[in-house]
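Please look through the sequence and the model before reading the points below.

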Amino acid sequence: MLQKNEDNERHRAFSRRALLLGGAQALLLTGLAGRMYYLQVVEADRYKTLAEDNRINLRLLPPPRGRILDRFGYALASNRQNFRVVLVREQAGDVKQVLDALSQLMKLDEHDYKRVLREASRKRGFVPVTVRENLSWDEVSRVEVNGPELPGVSIEMGQIRDYPFAASMSHVLGYVAAVAERDLTGDPLLELPGFRIGKNGIEQKYDLPLRGAAGNSQIEVNAYGRVIRELKREEGKPGDELVLTLDGGLQTFTHQRLLGEKSASAIVMDIENGDVLSLASTPSYDPNAFNIGLTVKQWNDLINDPLKPLNNKATTGLYAPGSTFKMIVALAALKAGISTDYRVFCPGHMTLGRARFHCWKRHGHGWVDMVRAIQHSCDVYFYDISRKIGVDNIAAMARKFGLGEPSGIDLKGERGGVIPTRDWKLANIGEPWQGGETLIASIGQGFVLTTPLQLVVMTARLATGKAVVPRLTRGVRADDDVPQGDPPTPDFPDIDVPKAHLDIVREAMDAVSNHPRGTAYRARIEDEGWELAGKTGTSQVRRITMAERAAGVTKNEQLPWRRRDHALFVAYAPVHKPRYACAVVVEHGGGGSKVAAPIARDILLETQRRDPAGRRSLPIVALDQPVKQG
């Protein structure tokens with residue numbers, strides 16, 4: 001009986017445990033079923049999207065960069081095909097052996113070997129590694145023909161910036177280069193491998209509209225990230241086209257004309273609308289080299305070159321304007337009431353206190369009035385009138401003609417120069433103005449500093465009486481837009497200088513170039529109707545001692561290059577119906593009449609022959625040799 005009761009108790013305990021276990025199992029199954037229902041029915045769309053995201057990668061495609069055109073539609077910056085050879089490690093097997101085989105078909109240096117081996121070891125085996133870019137067609141052909149013997153090697157095609165006129169346009173266009181960390185702004189385009197942005201010149205100033213909008217590609221990948229196929233592709237929107245005021249042919253001519261000098265700059269401007277037709281600076285550099293990537297040695301050679309080829313001397317070079325500044329002093333004197341008939345005797349020097357200030361002509365010019373003083377570039381005449389009017393009046397007139405401040409042209413880094421006053425010297429140097437400094441300033445020396453761009457603006461305002469402002473761009477348009485023709489001519493205000501005063505200065509500039517006794521007569525334009533009016537300038541970079549003057553001033557040709565005077569010339573043409581202004585500065589060139597004036601003459605002659613203002617376009621010719629002088 002006792003045994004039976006124990007059996008019943010064990011049976012009841014087992015039944016309870018079985019019931020509890022069964023209930024737990026049922027509850028678990030119910031939870032699993034509910035969870036499965038939730039995942040597969042309620043959350044089906046969400047997980048389908050997540051699965052698609054794992055299966056499909058969305059990749060950005062860089063857009064073609066917008067072209068840069070000259071005023072007649074010639075491409076100054078465009079894009080060209082860029083062939084590159086890539087290698088996939090898992091297909092190649094022995095990477096070094098494949099590189100050895102490739103080196104028989106194209107040039108691969110030690111740097112290429114190290115870089116490819118390093119990248120191949122870091123990336124997953126199926127990710128392509130770029131071996132070399134910018135392949136020639138011959139190199140592409142050799143790789144393709146030998147494809148069976150080059151496992152894992154293939155040719156890919158992209159785009160790269162191309163500057164067909166290279167050095168002649170570099171200081172205006174600038175260049176593009178890889179994105180640096182400081183350039184990152186959150187724009188995903190900037191993080192694309194190989195993407196390049198404008199780093200200088202017009203490329204930098206208008207970088208955003210030139211970039212365009214990115215496209216995209218939908219790529220199907222497996223669980224390891226390997227590409228299976230491309231599902232969809234949408235190309236990017238090309239960047240906008242930028243039309244410049246430059247005449248590409250004239251720009252090429254100007255650059256070539258300067259190549260005979262070590263360091264120089266020249267600018268040509270349409271004085272009616274401010275269009276910069278040519279802006280050249282030498283020495284220059286090849287912007288295409290930045291696309292490929294400079295070596296450390298190449299970069300160091302550029303930045304350490306004493307002639308500063310990376311600097312745009314036309315907008316950033318500061319020079320004493322020398323005698324090209326004398327027209328400003330003459331206008332300031334006329335405004336102060338000094339008559340054009342006022343005469344000064346020049347014996348070759350002037351004494352002020354214990355200091356003697358010399359004229360460039362040792363024995364002087366004799367009696368001269370204002371027109372003759374500009375024609376012969378007599379220093380003593382301007383010493384005399386500057387004492388009467390003072391430096392502040394000279395500075396006020398200079399600012400009316402665009403000197404002493406940036407012009408606002410579409411290039412970054414433009415410098416404003418210096419037009420000194422009494423207050424300027426006290427604020428910047430902490431010393432009072434001295435009377436002798438007024439005399440030095442009156443001939444464009446001392447503290448007076450200008451850029452070549454400011455000098456061409458000054459000349460344009462002298463020729464027109466208007467506050468001409470230079471411009472370098474005619475417009476930005478989408479690639480598929482229809483050209484809208486010429487932009488409207490700006491309505492420049494008057495510069496508040498009497499026409500009678502300007503006519504006196506213009507008469508003097510005409511005499512400088514077209515009178516047999518003018519300082520630039522030998523550099524005149526003899527073609528009827530195309531004559532120029534100009535002014536020479538020579539600015540000293542060294543101090544001439546009294547002992548040297550007594551023995552005879554050493555000629556520039558006998559001095560080391562860096563101790564020679566700067567040569568300057570400003571001009572407009574045609575003389576009786578001005579349309580074009582030009583300024584030329586040759587660093588350490590010697591005399592303005594001997595060196596700078598012939599260059600300006602040739603450039604203005606070519607400008608009128610091409611007549612970009614009249615839309616007589618001639619083909620752009622890339623010259624292999626410097627233009628014949630004279």
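The structure is a predicted model, in which local features need pLDDT of at least 70 and side-chain atom pairs count only at pLDDT 80 or more, while totals for chains, interfaces and linings use all residues. Residues are numbered from 1 along each chain as its sequence is written, and side-chain values use heavy atoms, with hydrogens and water left out.

**The chain as a whole**

- The protein chain holds 23 helices and 20 strands; helices (H or I, at least four residues) and strands (E, at least two) are DSSP runs, numbered from the N terminus.
- Of the 630 residues in the protein chain, 49% are buried, where buried means under 20% relative accessible area, exposed over 50% and partly exposed in between, with a 1.4 Å probe and protein chains only.
- Contact means heavy atoms within 4.5 Å. Among contacts between residues at least 6 apart in sequence, 73% join residues at least 24 apart.

- At the start of α10, a side-chain oxygen of Asp-247 comes within 3.1 Å of the backbone nitrogen of Gly-249. A polar contact is a pair of N or O atoms within 3.5 Å; within protein, one must be able to donate a hydrogen and the other to accept it, and residues adjacent in sequence count only if both atoms are side-chain atoms.
- Helix α10 (residues 248–258) packs against helix α23 (residues 592–610) at an angle of about 160°, with the axes 10 Å apart. Axes are lines fitted to C-alpha atoms, for helices over the stretch in contact, and angles run from 0 to 180 degrees between N-to-C directions.
- The two helices α10 and α23 are therefore roughly antiparallel; angles under 35 degrees count as roughly parallel, over 145 as roughly antiparallel, 65 to 115 as roughly perpendicular and the rest as oblique.
- On the α10 side, the contact includes Phe-253 and Arg-257, and on the α23 side it includes Ile-599 and Arg-610.

**Arg-610**

- Arg-610 lies in helix α23 and is buried, with a relative accessible area of 3%.
- The C-alpha atoms of Arg-610 and Asp-247 are 9.0 Å apart, although 363 residues separate them along the chain.

- Leu-462, Ala-463 and Thr-464 of α20 meet Leu-502, Val-505, Arg-506 and Met-509 of α21.
- Thr-459 is found in α20 and is buried at 0% relative accessibility.
- A polar atom of the Thr-459 side chain lies 2.8 Å from the backbone oxygen of Leu-455.
- Not counting residues up to four places away in sequence, Thr-459 touches Val-570, Ala-571, Tyr-572 and Ala-581.

**Ser-407**

- Ser-407 sits in the loop between α17 (391–400) and α18 (422–428), and with a relative accessible area of 19% Ser-407 is buried.
- The side chain of Ser-407 reaches the backbone nitrogen of Ile-409 at 3.4 Å.
- Leaving aside neighbours within four places in sequence, Ser-407 is in contact with Glu-414, Leu-453, Val-469 and Pro-470.
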